[in-house]
Amino acid sequence: MTQATVLYDLPGPRARRRNAIIGVVSIAAIVGLIGWAVYRFWQTGQFEARKWEQFQYAAVQRELLAGYLATLKAAGIATVLALLFGALFAAARLSDRWILRAPATFVVELFRAIPLLILIFFGYYVPLQYGWSIDKLWALVIGLTLYNGSVLAEIFRAGINAVPRGQSEGAYAIGMRKNQVIRLILLPQAVRAMLPAIVSQLVVLLKDTALGFIITYPELLFVGKQIGGRLAFGLPYVPTYLIVAVIYIATCGLLSVLAWWLQKRMGRARKTSAAVLPTKDFGDAGRTAI
Amino acid sequence: MAEFLRVLTDNWSLYSQGFTNTVKLFLVAAVGSLVLGTLLGAMRVSPVPALRAFGATYVNVLRNTPLTLVFAFLVFAVPKLDVNIDYLPAAFLALTLYTSAFVCEVVRSGINTVATGQAEAARALGMTFLQVLGSIVLPQALRSMVPPMMSVFIAMLKNTTIAAGFSVLEAGAIPAYMSERGEPQFAVLLWITIGFLILILPLVVLQRFLERKLAVAR
C-alpha cells in the first residue's frame, strides 16, 4: 500500500525497517500455525490414501452432487419466494394506509427478531406432531423465506426512502399518481443503489440452507456427515468437511464477488449532471449481513 | 390459553436451563469475538502486508462458510485430529470464530470512515501514533462502529440456537426434548419465540438509543 491511510503516514526508512521486521516475524508465526495444523493432520493420518480414495468413486461424487443440488434447490426456491415476500411487505410498509402499514411492520419486525432455526422448527416440529406430511424441503424453505423476506423488505423500504425527496416531490408536482411515482421514479433509482445489499442477503440465504442439516434435510452438509462417517474409509470427517467447505466457499465467494462487482459498477457516475444515489448497505440487516 | 401457560409452567426447569445456556453462550462468545475481531481488525489496517493478507483471508473464508459447517467441523472433524473438545467449548469456539470475522469488518470499516485529514492534522500538530489513535481516530470511529456492532451481536444471539444441532442444551434444543414429552409444539415454539423477544428487545432499544445519541452530521 503506497497511499497514506488514516492511521499512519507513508513510512520512512526506520518505519519501513520496523514494518519489515514485524512482517518477517508475523509470516513466521503464520507459517508456524499452518505448519502445526498440517503436522497435526499428517500425524493423525488425514493424508492417508484410504481417507481420500472414496472421492474417486462416481457414486460418492454423485452423492456430493445430489447434496449440492439439494442445497441449491432450497436456496433457489427460497430466493424467489423471499424476493416476492420482501416486495409485498415493503410495498405494504410504504403504503399511506395504516391498516396495511401496521400489520406489515409487525410481521417484518417479528420475523427479523426470531432465530431462523426456530422459524424452521415451526415448519418441522408442528406438522410432525400432528402427523401432517410436510416435506423437509418446505420446512426449510418456509423458514428461509419468512426470515430473509423480512430482511429484504427492510432493504427495499430503506432503499426507496433513501431516494432524495425532491424526486418524488417533482413527480407528484407534474401530476403522477403514487403508483407511478414509485414505479417510474423511485424504484429505478433505488434498485441500482440497493442491488449489492440484496445480493449480500442472498449469500446469507444460501449459507443458511446449511441449517437443513439440523432437520436432516439431505443437503450438502448432511451428505458430508454421511460420507465422513464411513468406517470402511477410516471415518474421513476431515477430508470430507474440507471438500464441503471448499464448495460452500466457492459458491458464496462467487456471489460475494458479484455483489462487490455490482457495487463498483453502480458506484460509477453515469453520464448525467444529476447527483446519483450512492450505493450503500441499507437497513441494519443489510449493513452487517451475518 | 390455560394449556398454553401449562406448557411453560410444567417444563419450567427445561426452559430456564435452556435460556441460561443461551445467555451464557452469548456472553462468552460476545467477549471472545470482540477480542479476536478487534485483533483481526487491527491486522487489516496495519502497515504490514502479511498481517493484512492474513486478516483478509480469515474474513473471506469465515464469511463465506455457513456457521453450521464451522460447528460440524469442530464437533465431528477436530476430535479426529486427536484434539479433545467437548460440545460446549466447541459451541463457544464456533460462535467466536465465526462472529469475529464480522466484528473485524465492523472495526475496519469504522476506522475507514474517519477522514484521512483528521489524522494528518493531528500528526501535523506533532501527536504520536498513540495520541492520534486514542484522542482523534478512535473516538470518531467508535461512534460509527456501535450500531453495526450491535447488529452483529443481535445476529449472534440468534445464531446460538444452531448449537442445538450439536448436543448443547440451549433454547434451540428445547423442541427436541419436548417432542419426547409429547407437548404441543406450537406452544413450545411460541414460548421460545417470546423468550428470544425478551432477550433481543433490550438490545434493539439500546441500539436505537445509541444510534440517536451518537449520530453526527458528516
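Of the 290 residues in chain A, 37% are buried, where buried is the term for 20 or more other C-beta atoms, placed from the backbone, within 10 Å of a residue's own. Keep in mind that this is a predicted model: local features need pLDDT of at least 70 and side-chain atom pairs count only at pLDDT 80 or more, while totals for chains, interfaces and linings use all residues. Residues are numbered from 1 along each chain as its sequence is written, with chains lettered from A and ligands numbered from 1 in the order in which they are written.

Chain A has 11 helices and zero strands (DSSP runs numbered from the N terminus: H or I of at least four residues for helices, E of at least two for strands). The radius of gyration, taken over C-alpha atoms, is 25 Å for chain A, well over the 19 Å from the globule rule for 290 residues, so the chain is more spread out than a compact globule. That rule is 2.2 Å times the number of residues to the power 0.38. The C-alpha trace of chain A spans about 75 × 75 × 30 Å along its principal axes.

Now for the contact between the chains. Chain B puts in 52 residues and chain A 50 residues, a contact being two residues with C-beta atoms, placed from the backbone, within 7 Å. On the side of chain B that touches chain A, α7(B) gives the most, with nine residues. The residues on that side divide like this:

| Class on the chain B side | Residues |
|---|---|
| nonpolar (Ala, Val, Leu, Ile, Met, Phe, Trp, Tyr, Cys, Pro) | 36 residues |
| polar (the others, Gly among them) | 12 residues |

Notes: A residue is buried if 20 or more other C-beta atoms lie within 10 Å of its own, exposed if 12 or fewer, and partly exposed in between; C-beta atoms are placed from the backbone.
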